[in-house]
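My notes are below, in the order I took them.

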Amino acid sequence: MIFWVAWLAIGLGAVICITVIFLPRLMLKVRAAAIPVTDKPVARGTDENGDVVWFETAPSVRPYIKSYRIAKDAKGLYFCGEWNRLVAFVKYEIVVYNAANNIVNILHVKEKFNDGAETHITRLPKNTDYISLRMICADDTPLRAERNPFNLRFGLWLAVLCLVAALLTDLLLWVGVTVYLRLVDAFTATMGFSVATWAELLGLGALASAALIGAVELVRFFSMRKGGET
C-alpha cells in the first residue's frame with residue numbers, strides 16, 4: 001500500500017508540475033505568435049528616477065489611449081497612458097515582453113475614467129523590455145483586438161500545446177485509474193485492464209483534450225481582427 005501511495009504522490013506531483021510550469025509558458029508562446037506588436041517608441045528622455053520612453057499606440061487603440069510612457073520610480077517600472085477620449089469605463093490588456101521577445105505576463109486592467117488626463121499607473125515586471133497595449137472594452141462596447149495572419153509559428157506552438165495537454169491527460173488518467181483499481185482490489189493487483197482497453201482509454205482521452213485545447217485557441221485566434229483590416 002505504501003508503494004501505491006508514493007506512486008500516486010509522484011504521479012500527481014508530475015501532473016501539477018506540468019500544469020503549473022509548462023502549460024502557462026506554452027500558452028504564452030501561442031499568444032506571442034498570434035499578437036502583433038505595433039506600438040512605436042516616439043521619444044526618449046530621463047527624469048529624476050532614470051530613463052523614460054514614450055510610445056505611440058496602435059491605430060486600434062489610439063481613439064482611446066493615444067500614447068503611453070514606460071518609466072521607473074522608487075517602486076520600479078510602471079506604465080501610464082494618455083487618454084484621447086472620455087470614457088466611463090475601459091478594459092485593456094498590457095502584454096509584457098522581455099528582451100528575448102517572449103511574453104512574460106499579460107496584465108488585465110480595468111478602470112473608470114477619473115477626469116484626469118492619464119490612466120492609472122500599472123506596475124510592470126522587473127524584466128520588462130517593451131509592451132503591447134490591447135483594448136478589450138470601452139463603455140460596455142467590446143472591441144476586437146488585432147491579430148497576426150495565421151502563420152507557421154502559431155501553428156507549431158499550438159501543436160506543441162495540444163501535444164503536452166494530451167500527454168498530461170493520459171498521465172492523469174493512468175495514475176487515477178490505476179490507483180482506483182488498486183483501491184477496488186484492496187491493493188492485491190488482481191484487477192487490471194487489457195492493453196487494448198488502456199490504448200482506447202488513453203487514446204480517447206488524449207484526443208479529447210487536444211481537440212478541446214486546439215478548438216479554444218483557434219476560436220480565440222479567429223475571433224480577433226486581422227491586423228490591417230477595418
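**Entry 1: ground rules**

I am working on a predicted model, where local features need pLDDT of at least 70, side-chain atom pairs count only at pLDDT 80 or more, and totals for chains, interfaces and linings use all residues. Residues are numbered from 1 along each chain as its sequence is written, and side-chain values use heavy atoms, with hydrogens and water left out.

I took helices (H or I, at least four residues) and strands (E, at least two) as DSSP runs, numbered from the N terminus. Two strands pair if DSSP finds at least two bridges between them.

**Entry 2: the five-stranded sheet**

I looked up the strand order first. It reads β1-β2-β3-β4-β7 in an open sheet of five strands, with antiparallel pairing. β1 and β7 (122–123) are at the edges with a single partner strand each, so one side of each has no neighbour in the sheet.

I then went through the pairs. β1 and β2 are antiparallel over seven bridges. There, T46 has D51 in β2 as its bridge partner. β2 and β3 are also antiparallel, over four bridges. V53 stands opposite I70 in β3.

How many bridges join β3 to β4? I found eight, with β4 spanning residues 76–83 and the two strands running antiparallel. K72 has L77 in β4 as its bridge partner. β3 and β4 form a hairpin, and two residues lie between them.

**Entry 3: the four-stranded sheet**

This open sheet has four strands in the order β6-β5-β8-β9, and its pairing is antiparallel. I counted nine bridges between β5 (residues 89–97) and β6, in the antiparallel sense. F89 stands opposite K112 in β6.

Two packed helices are described by the angle between their axes and the distance between the axes. I used axes fitted to C-alpha atoms, for helices over the stretch in contact, with angles from 0 to 180 degrees between N-to-C directions.

Helix α1 (residues 2–34) packs on helix α2 (residues 152–184) at about 165 degrees, and their axes are 9 Å apart. That makes the two helices α1 and α2 roughly antiparallel (angles under 35 degrees count as roughly parallel, over 145 as roughly antiparallel, 65 to 115 as roughly perpendicular, the rest as oblique).

Is the crossing of α1 and α2 left-handed or right-handed? It is left-handed (the near helix is turned anticlockwise from the far one by less than a right angle; clockwise would be right-handed).

The contact of α1 with α2 has 26 nonpolar, three polar and three charged residues. For classes I counted Ala, Val, Leu, Ile, Met, Phe, Trp, Tyr, Cys and Pro as nonpolar, Asp, Glu, Lys and Arg as charged, and the others, Gly among them, as polar.

**Entry 4: pockets**

The search used a 1 Å grid over the protein atoms alone: a cavity is a set of points where a 1.4 Å probe fits but cannot get out, a pocket is an open set with protein on both sides within 12 Å along at least five of seven lines, and lining residues have an atom within 4 Å of a point. Points are joined across faces, edges and corners, and a volume is the space filled by probe spheres set on the points.

The largest pocket holds about 300 Å³. Its lining has 14 residues, with R44, D51, V53, I70 and D129 nearest the centre. β1 (40–47), β2 (50–56) and β3 (65–73) each give two or more residues to this lining. β2 gives the most, with five. By class I got seven nonpolar, three polar and four charged.

The second largest pocket holds about 220 Å³. Its lining residues include R31, H108, R134, R144 and R220. β8 (130–138) and α3 (195–223) give two or more residues each.

**Entry 5: the cavity**

How many cavities of 30 Å³ or more are there? The count is one. The largest cavity has a volume of about 30 Å³. R31, A34, F154, E217, R220, F221 and M224 line this cavity. Two or more of the lining residues come from each of α1 and α3. α3 gives the most, with three. The lining divides into four nonpolar, no polar and three charged residues.
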